[in-house]
Amino acid sequence: MVQDAGLMRRRYAWYWTQFVVLTALLVGLVAAFVVIGASWWQLLVAAALAVVLGQVMFLGHDAAHRQIFASGRWNDWASLVIANLYAGMSYGWWQHKHSRHHAKPNQVDADPDIESGVLVFTTEDLDRPRTGVKAWFAKRQGWFFFPLLLLEGLNLHISGVRTIFGRGEVKRRPVEIAFVTLRLGGYLALVFWLLPVGMAFAFLGVQLGLFGLYMGAVFAPNHKGMPIVPKNAKVDFLRRQVLMSRNVRGGRFTDWFTGGLNYQVEHHLFPSMARPHLRRVQPMVREFCESRGITYTETTLMGSYAIVIRYLNRVGLAARDPFQCPLTLEYRSAR
């Protein structure tokens, strides 16, 4: 049905337009940065840059999923230019992490997006209860989730740099190192050359903080608070991708703001589908799932944030004694 409707065809004109527009916006922001000079108005430039770089990463996400070109080589190089050179992030690091997520979303010990660290996403991977300050924080982690995203932009850059300069296998490592070094080195040099030190740090703080918040605010609604799959469970492809994903309702602004990731169910079923086609395939997917009694989850953006906060607080509370987690006990009794 999808093939017959022409929804797997490439959208070259649409993607080239996106690339040209985003490139022009970045050039315009650099020009504005230079013209404005040492002024606190630069914080507005930093905020605008955070949003534009978010859109750049959505375009890089599409290229990494082979949505733009028929040629894998062209998609790889597009990803390298967009992610490494434009945004200063490692394409190789992100692709490895994101591919594991797509293969087994929300599955314990398989999906890196739900590995417990500062935040507890599931008690299934905890080997001991959280006590003391960690328990206090975990109990309230839902409320800290969005403030913590202000550090996510810095974390994304650090993770990428550690990967490309590390010992693990990285395809086209020299290119990644060259692009990231040029982007981050040039960016920092320009900021600290043109602005006083205090203002430069403020500029970087606003840009990185809002960029991380933007990325987290878009990616969090997709799977957080959806069912967690035990590590040994076997689920067929259709249910694995649909039941663990959540769509976000909205109009054209939501499509733009989320980079098309509001159609998360459709994206997981057809990861190489061009972004403009996701809206068109949605009614087909919803009808297909309903005809087979498969739950199709969709909510508003604000509603999804409320779900994420409640879920994280509930799991954090259970982390004080993970072996008595109601979610775990319910699953074990069902087996």
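Arg275 has a relative accessible area of 10%, so Arg275 is buried; buried means under 20% relative accessible area, exposed over 50%, and partly exposed in between, with a 1.4 Å probe and protein chains only. This is a predicted model, in which local features need pLDDT of at least 70 and side-chain atom pairs count only at pLDDT 80 or more, while totals for chains, interfaces and linings use all residues. Residues are numbered from 1 along each chain as its sequence is written, and side-chain values use heavy atoms, with hydrogens and water left out.

Where is Arg275 found? Arg275 is in the loop between H12 and helix H13 (278-291); helices here are DSSP runs of H or I of at least four residues, strands are runs of E of at least two, and both are numbered from the N terminus. Leaving out residues up to four places away in sequence, Arg275 touches Trp14, Tyr15, Phe58, Leu59, Asp62, Gln67, Gly259 and Gly260, where contact means heavy atoms within 4.5 Å.

Next, Val265, which is found in helix H12 (residues 264-269). Val265 has 0% relative accessibility and therefore counts as buried. With residues up to four places away in sequence not counted, Val265 touches Val242, Ser245, Asn247, Val285 and Tyr296. From Val265 to Ala233 is 32 residues in sequence and 20 Å in space, C-alpha to C-alpha.

Now the rings. How many aromatic pairs does the structure hold? There are 16 aromatic pairs. Rings of Phe, Tyr and Trp (its six-membered ring) pair if their centres lie within 6.5 Å; planes under 30 degrees apart count as stacked, over 60 as edge-to-face, and the rest as tilted. One of the pairs is Trp16 with Phe69, edge-to-face, at 6.1 Å centre to centre and 70° between the planes. Trp16 lies in helix H1 (residues 12-36) and Phe69 in the loop between helix H2 (42-64) and helix H3 (72-86), so this pair ties together parts that are 53 residues apart in sequence. Trp16 counts as partly exposed because its relative accessibility is 44%, and Phe69 counts as buried because its value is 11%.

Tyr214 and Phe257 make a tilted pair, because their ring centres are 5.0 Å apart and their planes are at 40°. Tyr214 is in helix H9 and Phe257 in helix H11 (residues 252-258), so to speak distant parts of the chain, 43 residues apart. Tyr214, at 7% relative accessibility, counts as buried. Ring pairs also link Tyr12, Trp16, Phe19, Phe69, Trp74 and Tyr86 into a cluster.

Two arginines sit over ring faces: Arg183 over Tyr187, 4.7 Å from the ring centre, and Arg292 over Phe288, 3.7 Å from the ring centre. The criterion is NZ of Lys or CZ of Arg within 6 Å of the ring centre and within 35 degrees of the ring normal.

Last, helix H6 (residues 141-148), where Gln141, Gly142, Phe145 and Phe146 are buried. Down the axis of H6, these buried residues fall within an arc of 140°, so they line one face of the helix; the arc is that of the directions from the helix axis to the C-beta atoms. Their cover includes helix H5 (132-139), helix H9 (197-223) and helix H14 (301-318).
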